[in-house]
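Visitor: Could you take me on a close look at a single part of this structure? I am new to this, so please go step by step.

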Amino acid sequence: MKTYKYELSHQSNLIQIGNLIDDMHSVHVHLIRLQRRYYRLFGKYASLSRILKHITKLKQRTKPYWYQLPSQMIQDVAIRIDLGYQAFFDNIKVSRKAGKTKRKVGRPKIKPNHKYKSITFTQAGFKIQENRLSINCLKKSFTFWKHRDWTGIVKKITIKRDNVGDYYLYLTCEDCEPSEKLPLTGSEAGADFGSKTFLTLSDGIKIESPQFYKQSLKAIRSANKALSRKQYLSNAWYRAKRHLARVHKDIANRRRDWFFKLALRLVRRYDKIAIETLNLEGMKRLWGRKISDIAFGEFSLILKWTCDRYGKTLLKAGRWQPTTKPCSDCRFHNKDLTLNDRQWTCPSCNAAHDRDVNAALNILRVGVPWT
């Protein structure tokens, strides 16, 4: 399975897709409230099959206008809610009681209208020809930017709306052509993450982060001030809110583009890349905005995807595996090493170390394949 993303071009009839998303939000609200009432009456939650049967009755009795909506789309809303309840129960029964995780997964809640952003067509209700998408229930066609061809058979499509008001088309295909693998180079490297240097590789290469959020602080502050001066919920307030969202979207796009290009450079250079497992939430509490701006968690996911695509191996060191204080030559554990010591000499073998390069070598040594 592979998913392709395309942007829908700006056109006057896009408002009908927005109205369709709002209609699906009303279905979402009704089904969540239905589950809550069912739990109050019977002390348990209704199964997916029971909900789907009840939807058929609702169309005949109190919700006749649901007949105008695609039935598979309504079923997809029910499936999303059921998956949310399954994750809620699995977290309680398996993970938290067994001590595997302390993270809590709450039960599905009613999303506000501005946070319900997507609709899904499964197998029917749409037609795609070249760069035109036709939606049967709307009897309209929409143009999207076909910047690349997709391969395989389109099984379902998802239309998403972001905070700026732009719409994107996601095509999920199966039986896709496999990606071309990159030639092996015989090189491998460990990568140590830092707040000052984004990545320090075990061969001595250091990569600085552009810190896109920091670069755009002036634009963010200006947009926030403009929003605060507008009357709440006025037309000017909505325009200022979209402008602020557009500034944040531009920052996220530039950061993601830099991540993909950096990941591709690393994958072309090395056959094996080892990274560390970090407690990013704890680091955010200590160093705040800078950790969020560097976004090492997002980069690690992009690097994992790039390695899988081009046939390279990504290794990952455990969170509790010591990598900074041990000497990469003789394994001596330097307990006296502090955060201010950027260069140090091993008391056991007298090897001179750069703190970050030594940590990268240890990460490469203890890394295991990330599955």
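Guide: Happy to! Let's begin with R268, which has its place in helix 6. Keep in mind that this is a predicted model. R268 is exposed, because its relative accessible area is 54% and the cut-off for exposed is over 50%. Leaving aside residues up to four places away in sequence, R268 touches L182, T185 and K312. Take T185 from that group: 83 residues separate T185 from R268 in sequence, yet their C-alpha atoms are 8.0 Å apart in space.

Helix 6 covers residues 235-269, and its axis comes within 9 Å of the axis of helix 9, residues 296-310, with a crossing of roughly 45°. The two helices are therefore oblique to each other. Their crossing is right-handed. On the helix 6 side, the residues making the contact include R255, F259, L262 and L266; on the helix 9 side, among them are E298, I302, W305 and Y310. Sorted by kind, the residues of this contact are 13 nonpolar, one polar and three charged.

Let's finish with helix 9 itself. Helix 9 has 15 residues and reaches 21 Å from its first C-alpha to its last, close to the 21 Å expected at 1.5 Å a residue. Several of its residues are buried, including F296, F299, I302, L303 and Y310. Just after helix 9 comes G311, which takes a positive phi of about 75°.

Technical notes. Residues are numbered from 1 along each chain as its sequence is written. This is a predicted model: local features need pLDDT of at least 70, side-chain atom pairs count only at pLDDT 80 or more; totals for chains, interfaces and linings use all residues. Side-chain values use heavy atoms; hydrogens and water are left out. Axes are lines fitted to C-alpha atoms, for helices over the stretch in contact, and angles run from 0 to 180 degrees between N-to-C directions. Helices (H or I, at least four residues) and strands (E, at least two) are DSSP runs, numbered from the N terminus. Angles under 35 degrees count as roughly parallel, over 145 as roughly antiparallel, 65 to 115 as roughly perpendicular and the rest as oblique. A crossing is left-handed if the near helix is turned anticlockwise from the far one by less than a right angle, and right-handed if clockwise. Contact means heavy atoms within 4.5 Å. Ala, Val, Leu, Ile, Met, Phe, Trp, Tyr, Cys and Pro count as nonpolar, Asp, Glu, Lys and Arg as charged, and the others, Gly among them, as polar. The expected span of a helix is 1.5 Å times one less than its number of residues. Buried means under 20% relative accessible area, exposed over 50%, partly exposed in between (1.4 Å probe, protein chains only).
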